[in-house]
Structure formats: C-alpha cells, structure tokens
Amino acid sequence: MTHQFPALSPEQKKALSDIAQRIVASGKGILAADESVGTMGNRLQRINVENTEENRRAFREILFSSDASINQSIGGVILFHETLYQKDSSGKPFPALIKEKGIVVGIKLDKGTAPLAGTNGETTIQGLDGLAERCAQYKKDGADFGKWRAVLKISSTTPSQLAIQENANTLARYASICQQHGLVPIVEPEILPDGDHDLQRCQYVTEKVLAAVYKALNDHHVYLEGTLLKPNMVTPGHSCPKKYTPQDVAIATVTTLLRTVPAAVPGICFLSGGQSEEEASVNLNAMNQSPLPKPWKLTFSYGRALQASALAAWVGKSENKKAAQEAFRKRAQINGLACRGQYVVSGKTDTAATQSLFTASYTY
Amino acid sequence: MAQWGRWHRGVSVAKRWHRRAPTPGLSPWGVPTSATAGRRRGWEGGACGGGGAERAGGAGPAGCRPAGHVALRQRSPIYRGAGAHSPQSASAAARPAHATTATMTHQYPALTAEQKKELSDIALRIVAPGKGILAADESVGSMAKRLNQIGVENTEENRRLYRQILFSADSRVKKCIGGVIFFHETMYQKADDGTPFVQMIKDKGIVVGIKVDKGVVPLAGTDGETTTQGLDGLSERCAQYKKDGADFAKWRCVLKISDNTPSALAIMENANVLARYASICQQNGIVPIVEPEILPDGDHDLKRCQYVTEKVLAAVYKALSDHHVYLEGTLLKPNMVTPGHSCPTKYSPEEIAMATVTALRRTVPPAVPGVTFLSGGQSEEEASINLNAINTCPLMRPWALTFSYGRALQASALSAWRGQQDNATAATEEFVKRAEVRAMALAGEGC
C-alpha cells in the first residue's frame, strides 16, 4: 500500500509548483489590487473621487496598462471578482492584459469575516460554500492563484486558542480546495498591527499562529510546494511607544519564519498592513539583507503600499494617467530591488510614499 | 546482576542510584521531587486558561497557578525577551508586577537569552560541518545482543572495555565526531588508567550526551503501539547529568507502519512526550535530540513511509511549538525515508534521498540546526551511501544533514575486538576508519 489517498497527481503538483515559482521569481512580487467595492470606496474617497464601477475600472486600467517592463518587478496581480470581468478601453479583458505581460492572474476568494461567538470580538472567514465550483470557473476565466485573508488581533486576551485554530483550519480547507482546481492558494493569516504591544509580543503571537497554520495545512494534505504565504511582518503595535529599526523588524520577522515555515514553501509575500510605502520597502529590503538564512523567497504582496502614490498622482483625472503609471512603476521597481536587498534608500521621498496607510481594525 | 570490577570502588552515589528502587517523593539523588515547581527561571508551568493566547497548544495538566507566580517571573531580574535577538530592555527588569498585559511582551519566556545562546552553541558544535554523532548508548539489554554476536559475555567490565576501545580513538575522530551519546552506566565508568570516559570524550573536543528515556510502554486500545516513559524526575536527572558533564540528551519514541498504524493517538502521544522531554532538557541547559523513529518493519513502499514520516514530523513540530521549545537549541534524529524491510520494490539511494529531503523540507523548520539520521537497521554501507545521496540531493537543505549511528559505526570495531584485549588497538583503528568514512558522506564525497 502506498501513501493514503493522494490528493494530487504528479502533473497537478508540477503545475501548481510552476505557477508558484513564476509568481515569486527572483526580484518579483505581487500587486494586491483586489480591494472590495467598499474598500475601494475608502481609497477613492481619500482623493475625492466617486466610488463608481467606472472609476474603479479606470484606476485598475491605469495600473494594468503599465508598460510591459513592469513584469520585472511584478510576478502576480490579485483581482477582485468584479475586476476579473472588466475590460480596458479597447475592450481587452483585464486578465488578458495582465497575462500578455507574463504576469500571473490571481483572484480574491474569501467572503469576508464572520464573528466567533464567545470570543473577545474575534472572527473567522467565510467563503467555503461552493468554493470548488467558483475555483473551477475562475481557473477557466484566467486565474491561476487565489487569495484568502484570515484576521487575528493581539490584545491581552487575543488571539484565543479558538481563533487561531479556526482560522488555521479554514485557511487549510480553502487551500485544499484551490489546489484541487489548479489554483495556487496564497495563505494569508494576518495579525493586525493594532495595539500597543511590542515587537516581542508580535513575534510570539506570529510564531504560534504560523505553527498552527502549517499543522493545519499538513493535516489537510495541502501540497506546500504549490502554495505561497502572505503573513504580516513582525512589527510593534501601531501605538507601541517603543521604536524599532528596520533591522529589528527584519530579524524578528525572519527568525519567526525560520521557526515555523517549512523550506518547501517557495515564497513568502508580505502584506504591508498599513505601513507607508517607504516603510514597507525599507523593511522588506532589511529582511533580504539580513544575515539570517532564507530558504524561501522573501517578497511583497502590497496593495496600499504599491498604489498610494499612483492614486495621489491620478486624483481621478485621465490626463494624469502617465504620472500615475510612473508613480506605480517607481514603487514596483523599488520593491523589486528590496526583494534582492538592493534598495538604497534615497534621502528624499515624496509625501505619499511616507504617509501612513494605517486604518484601525482594517477589514476589506 | 552485573559483576563489580575493581574499578567500582569509590563509586558515586549517582551510580548506585540506578539499582535502587525509587522512593516515592524523592528523586534519585534524594532531592524532594516537585513537578514543575517554580524553580528559579526554569518554571515551565505558566498561567492556566485565561485568554489562551499564550497557551496556543492547550493548557498543560498542571492546573492553575495563582497570579503571584506570574508577577514573580515578571519581577525577576533575569526576565528577558524571547526573541533570539531581542534588544535587552532594562525596563523589563524594573517593570512593576501590575504592568498592563497590553504592554507585556510575549508570554512567560521559557528561556533567557543566555540560556538560548548556550543551547544553540552546543547544538551547532555537535553538527559542525563534517561531524556526526556516535550513538554509544546501548542499554544493558541491547549490549547483550551485540556482545552475543561476537561471543562475548555481557558483563559490566566487558561493556566498559568495549566502550574504552571506542573512546580511545585518537584525535582523528575530532574531525568527524561532534557528539557521543552515553548510556547512564557509561557516564560513570573510567578507562584502565582511571580517566573518566566523560573526560576522555570532552578532551577530544567532543560533546557528551546522555540517553534519558526509560523505554517504551504500551498504549492500551491500539494495535500494539507504544509511548515512551521517563518524564518522572527528569528535571532533576538532567540537572545532575549536566553537572556530570553532559550537554545534550536523547529520547527515542517508536512508531510503526502497518494498515492501521501509526494511529492518531500514537502520533499525538509520542509527539507530546517528546515535547515535554525537550522542554525539560532545555530548562537544564541540555540540548534535546528529538527522535521519533518510524520502524522500517513491514512491506510498505517508499511513498507510504514518506507520507507517514511527514505526518509524524508535522505533529512533532507542532507539539514542540506548543511546548515553547527553542528550536535552535534542538536536534532532530529521524529515520531516513525508506521502503519497509520486506517491500518487494527496490529503490536507489537517490530515490531515498529525494523522499527523505522532501519530507524534511515539508515539516522541519529551517531554525532547527541539524538533522542526525538514525541508521535503523541499515547496514554500515547502506547507511553511508544513503547519507551521501542525501547530501548531494539537488533540493535545498537549510539544516545540517548528518548521522547519529550506533551499529553502523561500531559493527566493524566489535567484530575486530571479539572480546580479546590483544585486538583492542586494531578494533579502535576500525572504528576510526569507519568514522572517517561516515563523515565523508556528509560532504557528498562518500562511498
């Protein structure tokens, strides 16, 4: 008797592994452009633009019609459902526009948080119902990877044992279903930066959460070589009075990952979680420069931290398209350098790049 | 009963202990046992329940401790952050007991930064490049089998003479042996000239280890599965062994593959007991070698062994995380992934290497400094060839991959000795040669 009931054939495994490798190929990261309608509303409101379907389409078009050379820093783009079926001004569907640059298309699959009764305001994530069918359809429509965001919070009583275990379990179910349909699951157990806890506390919690996530993935027979991890960096809480350097953040983060993430995982794409564009780049850079061993790629999956400047340059006016694309291209290039630990921080950075993008109890 | 040779005069109290029936309430050295009482900073209890964030692995059996204990730890001047490189904050020592938990760092660090560094340094010395472990910790019963095979009587003196042969190896072994695992009896034996074995080993710059488990016991309701005992008084024993020269320990759990094993209970129970052992060792400055051996008995194929090994190792590392074990201060001693002994299909060393390294890459966090394979009944040759293939496997390997061999290092020396003192030098030479060959396999230069 061989091993029990293999979940995937060797061909399926190879396909998943190849996709994952392409997304995190050297110097590349992910553009998280999968903001829900409500979240895009917040973004657009900041630049006084109305939250209409056309405006959302227009802004995404600006990003996706960037020059093809963007593919040197961007390996994958995560889309929201609506966006997957939108087209550019010439009628070309967005997935095609992205794929022709050699960039992999991904799709946000979760359906938002749901409360866990009996906890201190903790949540799990819904979206498992009919997920297999949705994955099959998205695969046909051009997606090759999925994303699912679980949320945990640090306080004196959280995250609780239940929250950790429940979120780890739903992440593993989602991952298992994705792989059955040829989609690489990006596993995102985000621990929010809200709070005044220090760096060590975040490290401790992140270690516990990631250990639970990888145990759950193993229990659910998920093929690790065909997954990606999207964790928070290990940082102090947003209102922690103590200040830390990027090197402190880098060492705490990489140490945590070394203790919990098996080497079989091809890449770790950090979320920016409210850090400013510059902060997110500098921290990623510090990690890739750190002397600690790194058996996985350390790269980015940034939403706000890639788009803030572009949004600020656009302000809803089509004549600003070039400027917005240039702002986006610049951030993408900087983060591409940060992936290799080659980002040399220049003295001057514009306001948008250093603006904090933190929103309390971020949901999207 | 073993015979007492002339060198047994002046035997230590600790030596006599292992023959005496345990007195309830007293540890082997007459010290009142207390389960995990609040010994200095070695207190691994932790507060119960409440929030549960800290006890991600579930509360231990120790029940609730009053809040006073928590406050005591926070006031301890040796309280440190748990991050491997945490900036030492003077304010931590001065933090009042009533500090809000929201500003508290991580929960109840099990080890100080200094303790962690010591453990990590020991582990790295054992698996330094080109080095592996000599497992010379055969129990009295196991030695009986070995000595039987060469027609030698299993007396304490013969066991001493045999270990002397191994430990008399010259400095050539320094380059290939990073650690030696002792059995309790051997820790307190001496060479003919009166030099304690422990000292002979340490003088060669090799780390001394000690087997601390007390063998397997059955798990009722399973298909002949077992767990491993030895946790009682383990803390006190570790403290004593540390004083007596040991810097690492070994604990062997056993699982087997069949149609309905290993069961979920066997995996969970053995992983848990390994984690408890590891936690206690670290509290006493001893690097725990974690050994979840999956026996090669059976006719299962390579894939089945790989599948089971992945499940077992995932459970082991979850348990280690739950028990707050410092991974950088541990070593793993697993089986290689191989087909069952009676599997009809033959596999190449490369296939074995791929299966083994893949399984490890999926389960063993890169923070673990080294993986020291057991030979598990492979012949000396087979064990070397496979280890060589493992070290030349194209997959990326973030930990040292080396050996912890008993039989595979000693078989030639044993048969060269045959109990004759005239053969002692030749036997030692056999051992040195074997050790050098084993070590070549680490650089992928092996046979």
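The model is predicted, so local features need pLDDT of at least 70 and side-chain atom pairs pLDDT 80 or more, while totals for chains, interfaces and linings use all residues. Residues are numbered from 1 along each chain as its sequence is written, chains are lettered from A in the order in which they are written, and side-chain values use heavy atoms, with hydrogens and water left out.

Start in chain A, where helix α7 (residues 161-180) packs on helix α8 (residues 199-219) at about 40°, axes 8 Å apart. The helices are DSSP runs (H or I, at least four residues), numbered from the N terminus, and the axes are lines fitted to C-alpha atoms over the stretch in contact, with angles from 0 to 180 degrees between N-to-C directions. That makes α7(A) and α8(A) oblique to each other, the label for whatever isn't under 35 degrees (roughly parallel), over 145 (roughly antiparallel) or 65 to 115 (roughly perpendicular).

Now for the charges: there are 41 salt bridges over all chains, each a side-chain nitrogen of Lys or Arg within 4 Å of a carboxyl oxygen of Asp or Glu. One joins A:Lys108 to A:Asp34 at 3.7 Å, N to O. A:Lys108 is buried at 7% relative accessible area, and A:Asp34 is buried at 1% (buried means under 20%, exposed over 50%, partly exposed in between, with a 1.4 Å probe and protein chains only). Both belong to a salt-bridge network that includes A:Lys147 and A:Glu188.

Over in chain B, B:Arg434 pairs with B:Glu380 at 2.7 Å and with B:Glu381 at 4.0 Å. B:Glu380 is buried at 12%, whereas B:Glu381 is partly exposed at 37%.

Note on methods. Helices (H or I, at least four residues) and strands (E, at least two) are DSSP runs, numbered from the N terminus.
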